[in-house]
Amino acid sequence: MVIDFHTHVFPPNIAGRAIASLEKTGGFPAHGDGTLDGLLANMEQGGADLSVILPVVTNVRQVGAVNDYIISISDNKQIICFGGIHPDMPNIKEEIIKLKKAGLNGIKIHPDFVRTFADDNKIAKVINLATEQGMPVILHGGADPSFPDYVRCSPDIIAGLLPKIPGAKLVCAHLLGYTYFDRLLAHLDEFVKFGLYLDISMTLDLPKSRDVLPILEKYDSSKILFATDYPWKTVKETLSALNELPISDEYKEKIKWKNAAALLEI
Ligand SMILES: [Zn+2]
């Protein structure tokens with residue numbers, strides 16, 4: 001069993017444009033066309049059973065349409081859908097309740113695309129409203145190649161957020177940024193105590209991919225999640241990189257699906 005905790009799809013009518021624009025700003029090519037069909041083909045090829053789809057909203061006006069599209073595909077049994085929330089939108093509580101009623105499983109916020117630091121009270125408010133509904137929240141973590149000037153979600157910034165969101169089920173993507181492993185280790189005890197989840201997307205194929213080992217060895221083994229960030233990485237390449245790491249098979253199973261299943265209560 002494999003659950004990919006971090007994937008993106010776009011509606012078929014805008015996927016081509018969205019992927020081309022992200023390839024340009026991000027500086028690396030996508031695998032596949034960015035549609036749900038492309039994701040399902042990638043899952044089949046790499047052996048993933050379930051994918052968590054994370055929409056990225058970039059402005060307040062777009063939130064309704066983005067979430068309506070996600071809701072429209074959410075009946076598919078191979079995917080688990082999160083909704084997008086912009087911290088500056090009105091009626092945040094109503095939108096979160098709408099997503100919950102539609103059967104979505106969590107909330108995604110990308111601090112860079114909404115131009116808000118992760119420890120801002122506005123982000124804490126969204127997370128606390130999601131927690132009231134029993135929904136987990138995932139934040140992009142570390143530097144985003146589309147936003148080279150600021151990092152709005154680093155280990156130090158997350159350390160400032162956690163006291164504002166007691167009881168939240170929070171996931172930070174990309175092990176909170178591969179350029180901050182020393183800061184992640186510096187905050188390790190408080191993050192583990194909080195129960196902070198980390199996804200491993202985009203961290204396993206670095207020139208020094210073994211840099212993740214001290215994190216995996218020292219962190220709570222029940223809080224690390226398999227994730228690709230598809231279409232930016234494939235299931236196949238990410239799984240083979242994970243399989244090569246010198247950690248126990250039991251730990252790999254927790255990363256591949258057990259931890260995600262516990263978090264999502266599935
Ligand atoms: Zn992503």
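This is a predicted model: local features need pLDDT of at least 70, side-chain atom pairs count only at pLDDT 80 or more; totals for chains, interfaces and linings use all residues.
Residues are numbered from 1 along each chain as its sequence is written.

**View 1. Helix H3 has buried residues along one face.** Helices (H or I, at least four residues) and strands (E, at least two) are DSSP runs, numbered from the N terminus. In H3, the buried residues are Val 63, Val 66, Asn 67 and Ile 70. They fall within an arc of 90° seen down the helix axis, so they line one face of H3; the arc is that of the directions from the helix axis to the C-beta atoms. A residue is buried if 20 or more other C-beta atoms lie within 10 Å of its own, exposed if 12 or fewer, and partly exposed in between, with C-beta atoms placed from the backbone. The buried residues pack against S2, S3 and helix H4 (92-101). Contact here means that the C-beta atoms of two residues, placed from the backbone, lie within 7 Å.

**View 2. An open sheet holds 8 strands with parallel pairing.** Their order is S1-S2-S3-S4-S5-S6-S7-S8. Strand S1 (3-7) and strand S8 (224-225) are the edge strands, each pairing on one side only. Two strands pair if DSSP finds at least two bridges between them. S2 (residues 50-53) and S3 (residues 79-84) pair over 3 bridges, and Ile 53 has Cys 81 of S3 as its bridge partner.

**View 3. Thr 58 sits in the loop between S2 and helix H3 (63-73).** Thr 58 counts as partly exposed because it has 15 C-beta neighbours inside 10 Å.

**View 4. Helix H2 (residues 36-46) meets helix H10 (residues 235-244).** Their axes come within 8 Å and cross at roughly 35°; axes are lines fitted to C-alpha atoms, for helices over the stretch in contact, and angles run from 0 to 180 degrees between N-to-C directions. H2 contributes Asn 42, Met 43, Gln 45 and Gly 46 to the contact, while H10 contributes Val 235, Lys 236 and Leu 239.
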